[in-house]
Each structure stands twice: as C-alpha cells, then as structure tokens.
Amino acid sequence: MGDAGATRADAAGTGGPADAAVLRRLAVDTLDANWEHDHTVPSRTLYPHQWSWDSAFIAIGLAQVRPERAWRELASLFRAQWADGRVPHIVFNPALRVGAYFPGPEMWRSADVPGAPTVATSGLVQPPVHALAALLAYRRAPDPTPALAGLRRLYPALVAQQRYLADRRDVAGDGLVCIVHPWESGLDNSPAWDEPMAAVPAEAAVMRAYRRHDTTHADAAHRPTDLDYARYLAIVAAYRDHGYSDRHLATAHPFLVECPLFNAAFGAAEHALAEIAALVGDDPGPHRARAARITEALLRRLYDPETGTFQPRDLRTDRLVSARTVLGLTPLILPDLPTRQADALVVEARSARFGVASLMDRPLPTYDRTAPDFEPLRYWRGPSWLNIGWLVRCGLLGHGHPELAAGLRRSMIGLVAGAGCHEYFHPDTGAGLGSPAFSWTAALLLDLLAD
C-alpha cells in the first residue's frame with residue numbers, strides 16, 4: 001500500500017468515532033443498494049444473482065445492522081438446496097433477462113436434474129462457511145430470541161449440507177472433500193489450479209461462440225483469460241452431462257482436487273455446528289468428533305512439512321500442488337489445529353510472501369508476492385480480498401496472535417477507507433479493483449469495525 005496507504009490504514013483502524021461512522025454508513029448504504037427482495041447480490045453489475053459463500057459473509061455483516069435480513073439472506077439461499085443436500089454456488093434470479101450473466105441458467109440446465117429445486121441454479125458448491133456465518137450472525141444479533149429461532153430453522157439444512165459433502169465428495173475415501181471445479185474453491189483462477197487445469201483439454205478459441213459478461217464490466221486484464229474460461233466450461237459440461245452425479249467423479253471427471261480452504265471451512269463448520277447443536281438442544285458430540293477427523297485428515301493429506309504450509313492435492317496425480325497461495329494459511333481457522341502447524345502457518349503468513357505484521361505496509365495478497373508469475377491486477381493471482389483476510393484474521397485470533405490480527409484488521413479497514421467497498425484491491429497500492437460496490441467487502445467491513 002505504501003506509506004500513504006499505511007497512514008490511511010492506521011487512521012481508519014485507530015481513528016475517532018467520526019471516521020468509523022463514515023465507513024459504517026458506506027457499508028450499510030452498499031448493502032442496502034444491493035438488497036434484492038430476499039437476498040443481497042454481490043454487485044449490481046458483475047454479479048446480479050445470489051452467490052453461496054457471498055451470502056454467508058453478507059449475513060455476518062447484516063446481523064449487526066439489518067438482523068432480520070441476515071436470516072432472510074441465509075434462508076433464501078437454503079431454499080435452493082438440492083435434495084441431496086448440496087447448496088448451489090449460484091441461485092439465479094428468474095426476473096433477470098437471459099444473458100444477464102454468463103454462464104447463465106441455459107448452461108447449467110438444473111431443471112433437467114431430479115432433486116434440483118424449482119428455481120434455476122448451478123450444480124457446483126462453494127466453501128461451506130455457512131454454519132460459521134449462522135453462528136456469528138446469532139452472536140452479533142442485538143436480540144438473541146429471533147436469532148435463536150433462525151438458528152433452529154437453519155440447523156437441519158446446515159447438517160444436510162455437511163452430509164452431502166462427506167457422503168458424496170470424499171472421492172479418495174480419506175475424509176476430505178474434493179472440489180470438482182476451480183469455482184468451488186471460491187478462488188477461481190488461483191495459481192493453485194494451474195497444474196490440475198493444464199490437464200483439462202480446451203482451447204481459448206472456444207470462447208468465440210460465447211459473450212462473456214465479466215469483461216464488459218471489468219478490464220479483461222484483471223479477469224481470468226479466455227483459456228481459463230474455456231477450461232471452466234469444459235469442466236462444467238463434463239459434470240452437467242453426468243447429471244451432476246458424484247458417482248462418476250473418480251473415473252470420468254477432469255478436475256479433482258482437495259483444497260485446503262474448502263476443507264478448513266468443512267471442519268470449521270462442524271465446530272460451529274457443535275455450538276449450534278448445544279444452543280438448539282441437539283447433541284454436539286457427533287459434530288465435535290467429525291471436526292477432529294477432518295483436522296486429522298487435513299494434516300495427513302495436505303500439510304507439507306517442507307514448506308510449513310497446506311497445499312492442494314491433485315487427485316489425478318496424487319501430488320501436492322507447488323504454488324504457495326493464501327489457501328495454505330486458511331486452516332488457521334480450525335481451533336483444533338495443532339500448535340506446531342499453527343506456528344508454521346504464522347511463519348508463512350509473516351514471510352515476504354504474504355507480509356502479515358502488526359504494522360503492515362501492504363495488504364495481504366492471495367499469492368506469493370515473491371513468485372515470478374505474481375500478477376497484482378488479475379483476480380485471484382495476487383490481489384487482496386477482504387474475505388480471505390477476514391478468515392486469516394479469525395485464525396490468528398484463535399491461535400493467540402492478537403497483534404498480527406490487529407495489523408491485518410487495520411490494513412483491511414484502510415483498503416476500504418482509501419478506495420471504497422471494492423471487490424478486491426491492488427496488493428501494493430491498495431487501489432480498488434473489480435466491482436466498486438461489493439457486498440461482502442461492505443459486510444465484513446462492518447464486522448471489522450464492530451470489534
């Protein structure tokens with residue numbers, strides 16, 4: 001961010017109540033403008049439908065300013081839950097014209113699949129941060145009575161979401177969830193996916209037959225490439241043409257990866273569900289036992305002792321991916337992560353690759369800042385995102401590093417103070433990139449300001 005950006009971060013993080021009030025108003029106005037009858041769109045331009053993990057992060061912020069909307073946000077998403085328990089990563093708004101987003105309902109064809117909801121959705125999932133979001137929405141709510149009622153209503157659906165992942169997506173039988181598309185990780189074009197994606201047969205020329213929506217609203221140099229998109233569509237088609245069935249994944253699907261972030265969220269969800277179960281009168285024991293098994297599997301399968309970080313495992317080659325991305329830091333959100341591995345992740349976070357410090361001069365990047373293919377402008381190949389910083393901060397707090405968590409908090413608030421509620425930010429200058437009015441940035445800003 002440079003010296004000027006660091007000054008903005010310090011002012012935003014430690015300044016007077018007037019500064020915080022201005023930022024809070026900006027965040028609330030952004031969320032209000034993006035509210036769409038029963039959910040919040042990520043942005044009015046790039047993402048006009050409902051996205052799964054966006055809604056989870058948004059609910060955390062809404063709980064403090066529009067608590068009734070927080071529960072409507074989660075309820076509307078889970079109304080689109082499939083019969084098998086999957087929570088789709090996109091729920092399409094039927095009021096929007098065909099072509100408002102690409103790839104739209106006509107590409108996914110969810111209506112052709114038994115067990116899909118009546119509303120059009122995608123067939124993919126995203127990191128299961130929803131149980132954690134529901135628990136935090138309960139904790140943040142000004143009135144616990146309606147919040148507890150919201151937890152009671154949502155609990156069975158959250159359990160079904162976890163059951164789907166455990167029963168249908170443990171492709172290797174090792175206790176971890178497998179993602180079947182980079183979009184399921186949430187970090188669409190991360191360098192973490194370069195190696196497994198290189199094996200997906202596709203050509204960039206395929207995209208001449210389509211009209212990408214994203215590059216009409218954002219600079220193409222900031223977005224995934226046409227070759228990326230050609231491969232994305234090839235993977236979608238492979239999954240869709242098998243009816244989104246997970247029975248054929250091991251033999252027929254071109255992309256199979258165990259992702260550290262996804263599985264950390266999977267484990268954190270069981271920890272959250274244990275707390276929710278106790279609140280709603282259910283047995284927390286099975287959730288605690290499953291959480292312990294997930295952490296053990298993460299350590300056994302994805303932790304690389306040579307680098308001291310977690311790496312995705314490509315199931316097609318049964319090898320860990322070598323790229324050092326921020327995905328490797330996210331298992332810090334697991335409260336039962338052993339001290340040795342948690343300490344190693346803190347060393348990685350503080351390294352020149354990521355630069356977390358009590359006084360940060362640049363934002364947390366999503367990829368190793370020292371790597372030769374680091375791209376400060378292109379989506380998940382370098383830029384800073386508030387949701388990832390928020391997750392890492394939660395992990396730092398949980399493992400006893402309040403001074404690093406405070407530095408990361410000041411840095412994130414400073415990004416918005418300097419550039420507004422952008423989708424993501426330049427990892428050196430702090431300039432806003434992507435959508436200029438992005439909902440989870442606004443929502444998580446509210447959570448940071450409330451601390």
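In the predicted model, the side chains of Arg 240 and Asp 241 form a salt bridge, with a nitrogen-to-oxygen distance of 3.0 Å. The two partners differ in their surroundings. Arg 240 has a relative accessible area of 13%, and it is therefore classed as buried, since the limit for that class is under 20%. Asp 241 has a relative accessible area of 54%, and it is classed as exposed because its value is over 50%.

This pair belongs to a total of 27 salt bridges in the structure. Another of them joins the side chains of Asp 246 and Arg 169, with a distance of 3.3 Å from N to O. The two residues are 77 residues apart and connect distant parts of the chain: Asp 246 is in the loop between helix H11 (226-240) and helix H12 (249-252), while Arg 169 is in the loop between helix H7 (144-168) and helix H8 (182-185). Asp 246 and Arg 169 are both buried. They also take part in a network of salt bridges, in which they are linked with Asp 84, Arg 86 and Glu 184.

A further salt bridge is found between the side chains of Arg 301 and Glu 258, where the N to O distance is 3.4 Å. Arg 301 is buried, at a relative accessible area of 16%. Glu 258 is buried as well, with a value of 0%.

The residue Cys 259 was examined together with Cys 178. No disulfides are present in the structure. Cys 178 takes part in none, and the cysteine sulfur nearest to that of Cys 178 belongs to Cys 259, 10 Å away. For Cys 259, in turn, the nearest cysteine sulfur is that of Cys 178, at 10 Å. A disulfide is a covalent bond between the sulfur atoms of two cysteines. Cys 178 is buried, with a relative accessible area of 0%. Cys 259 is also buried, at 0% relative accessibility.

Pro 260 is part of helix H13 (residues 260-280). Its relative accessibility is 0%, and Pro 260 therefore counts as buried. When residues up to four places away in sequence are set aside, Pro 260 touches Leu 298, Leu 302, Phe 310, Gln 311, Pro 312, Leu 327, Thr 330 and Pro 331. One of these contacts, Leu 302, is 42 residues from Pro 260 in sequence, yet the C-alpha atoms of the two residues are 6.9 Å apart in space.

Ser 358 is located in a loop, between helix H15 (339-350) and helix H16 (386-398). Ser 358 has a relative accessible area of 34% and is partly exposed, because this value falls between the limits of 20% and 50%. Beyond its neighbours within four places in sequence, Ser 358 is in contact with Glu 403, Leu 404, Gly 407 and Arg 410. The C-alpha atom of Ser 358 is 7.4 Å from that of Ala 405, although 47 residues separate the two along the chain.

The structure contains four cavities of 30 Å³ or more. The largest cavity has a volume of about 260 Å³. Its lining is made up of 22 residues, and those nearest the centre of this cavity are Tyr 47, Trp 51, Gln 126, Asp 188 and Tyr 379. Sorted by class, the lining of the largest cavity consists of 15 nonpolar, three polar and four charged residues.

The second largest cavity has a volume of about 40 Å³. The residues that line the second largest cavity are Ala 238, Tyr 239, His 242, Ser 245, His 248, Leu 249, Ala 252 and His 253. Helices H11 and H12 are the elements that each give two or more residues to this lining. The lining of the second largest cavity holds four nonpolar and four polar residues, and no charged residues.

Key. Residues numbered from 1 in each chain as written. Predicted model: local features only at pLDDT ≥ 70, side-chain atom pairs only at ≥ 80, totals over all residues. Heavy atoms only, no water. Disulfide = S-S within 2.5 Å. Buried < 20%, exposed > 50% of the residue type's maximum accessible area, 1.4 Å probe, protein only. Helix = DSSP H or I, 4+ residues; strand = E, 2+ residues; numbered from the N terminus. Contact = heavy atoms within 4.5 Å. Salt bridge = Lys/Arg side-chain N within 4 Å of Asp/Glu carboxyl O. 1 Å grid on protein atoms, 1.4 Å probe; cavity = no way out; pocket = protein on both sides within 12 Å on 5 of 7 lines; lining within 4 Å. Points joined across faces, edges and corners; volume = space filled by probe spheres on them. Nonpolar A, V, L, I, M, F, W, Y, C, P; charged D, E, K, R; others polar.
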